[in-house]
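Biologist: Thanks for sitting down with me. Could you take me through this one, starting with the charged side chains?

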Amino acid sequence: MAAQMSKVSLVYHCAATVRFDEPLRVALQLNVGGTFEAIKFAETLAHLRVFVHVSTFYSNPYLKFVEPKYYSSPMDWRLCLRVIEEVPDDGMLNALTRKLIVGFPNTYTFTKNLAESLVNDYRCRLPLIIYRPSIVLFAVDDPSPGFSPSLMGAMGLFALVGAGILKTVYLGKETRLDITPQDVGIKCMLSYTKKGQEKYQKGPPKEIPVYMSSSCTHVPHTFTQIAEQMDTLGLWKKAAFEKSLMVPGCHYTDRRWVYQFLVFTKQILPALLIDLLLRLFGKRPQLMGVVRKAYQTLEVMQPFMFNNYDSPGVTEKDEISKENHGTDFHLNPFTDPDINGLVIRVSGQMLYSIRAHLFKEDPCTLPRSQRIHTIKTIIYQGLRLILLYKLVRWIWASYLGQHF
């Protein structure tokens, strides 16, 4: 094994915890300490050509316009690693968290920023580059259109909407969905690997090469616009999940009181009822825990739900598109004449992928799931009409009936 490792020439450091609410100690150990260990390993490689550190487009969230360049960190990464060694008390460290990460909305962006600082400090000793993708979602082409690899991050939220559990999201109407499709992101990363290697052939550059992928320049549509089109086209019904609670669909609002009301009426109350029934039948309640986790996840994501971050987009997009044209590493989505149609089409394919690959549902059950979806919709609309009738009748009896 040691002999094989000694021949390694390319290193891609992608490992990290992506939980926004990770305790500071854990986030520092994994995102900063892990990067430090990876760099120490890279120093032992005699044939190293380039080390690619995968960061995030949101590593500098205090900036409204992010450029493909290194920004100095507000704290010393060495000091932070020393703090977690010298402060064994987690309670004290957690109490210090808000003071340490000032300017950052969570421990994830803070520690990814520190990791960039660490990588930058080694740029004269190793051929290092930084790659910052935005929100990594489905694949456009490879391994299959819409392929969804896991339930982490935004993918998990789409899955919860499809399962009829997540019914409302607190979101700014003008907030864009800045995405990096996984296959496009990997192809870009490979192109940047080549460019980074070329830059270090002339010796260490004055500044560490930084590359980014962001859809802000070629997918201008907001998250709400995309979600509404998915509803209008009936994509939730077409890919109806077998494992679903209520009718799929989600209400997006930028009013806090509306959001809280809908969370209580459409998520908490049904979850409590289902968990009560599970207890009565001697089974372990599960749904309230899922609802609570979804709510907490959206709460820590709020700084990104009401802010747009601008940038030049995909670094050297035209150049790498031209270089890879006609190859297996093509970047055709960048030049698609109907980019909006592409996003909606692949979003629908993503739902099928979630159903098949993540929920492990047999495609043969799809027609039955669609029929159940139709029945649920009829029942839901019927209940709404009954409630509306009761409300109108109560208003008439209480107020209007007295005057007519």
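Biologist: Which residues are linked with K195 in a network of salt bridges?

Modeller: Please keep in mind that this is a predicted model. A salt bridge here needs a Lys or Arg side-chain nitrogen within 4 Å of a carboxyl oxygen of Asp or Glu. By this rule the structure has 18 salt bridges. The residues in the network with K195 are E316, E319 and E323.

Biologist: Which parts does the salt bridge between E116 and R132 tie together, and how far apart in sequence are they?

Modeller: The closest N and O atoms of E116 and R132 are 3.0 Å apart. E116 counts as buried because its relative accessibility is 1%, and R132 counts as buried at 0%. The pair ties together helix α5 and strand β3, parts that are 16 residues apart in sequence.

Biologist: In the salt bridge of E22 with R19, is R19 buried or partly exposed?

Modeller: The closest N and O atoms of this pair are 3.5 Å apart. E22 has 10% relative accessibility, so E22 counts as buried. R19 has 36%, which makes R19 partly exposed.

Biologist: Turning to cysteines, how far from C14 is the nearest cysteine sulfur?

Modeller: A disulfide calls for two cysteine sulfur atoms within 2.5 Å, and a search of the whole structure finds 0 of them. C14 is accordingly in no disulfide, and the nearest cysteine sulfur, that of C188, lies at a distance of 14 Å.

Biologist: Is C124 buried or exposed?

Modeller: Exposed means over 50% relative accessible area. C124 has a relative accessible area of 53%, so C124 is exposed.

Biologist: Now for the pockets: which element gives the most to the lining of the second largest pocket?

Modeller: This pocket has a volume of about 830 Å³ and is lined by 26 residues, with K167, V247, K266, Y380 and R384 nearest its centre. The elements giving two or more residues to the lining are α8, β8, α10 and α15. With 8 residues, the element that gives the most is α15.

Biologist: What is the area of the nonpolar surface patch that includes L385?

Modeller: L385 is found in helix α15, which covers residues 366–398. At 60% relative accessibility, over the 50% cut-off, L385 counts as exposed. Together with L388, L391, V392, W394 and I395, L385 makes a nonpolar surface patch of about 600 Å².

Conventions:
Residues are numbered from 1 along each chain as its sequence is written. This is a predicted model: local features need pLDDT of at least 70, side-chain atom pairs count only at pLDDT 80 or more; totals for chains, interfaces and linings use all residues. Side-chain values use heavy atoms; hydrogens and water are left out. Patches are made of residues with over 30% relative accessible area and no salt bridge: like charges are joined within 9 Å, nonpolar side chains (Val, Leu, Ile, Met, Phe, Trp, Tyr) within 5 Å. Accessible areas come from the Shrake-Rupley method with a 1.4 Å probe; for residues, only the protein chains shown count as cover. Helices (H or I, at least four residues) and strands (E, at least two) are DSSP runs, numbered from the N terminus. Buried means under 20% relative accessible area, exposed over 50%, partly exposed in between (1.4 Å probe, protein chains only). On a 1 Å grid over the protein atoms alone, a cavity is a set of points where a 1.4 Å probe fits but cannot get out, and a pocket is an open set with protein on both sides within 12 Å along at least five of seven lines; lining residues have an atom within 4 Å of a point. Grid points are joined across faces, edges and corners, and a volume is the space filled by probe spheres set on the points.
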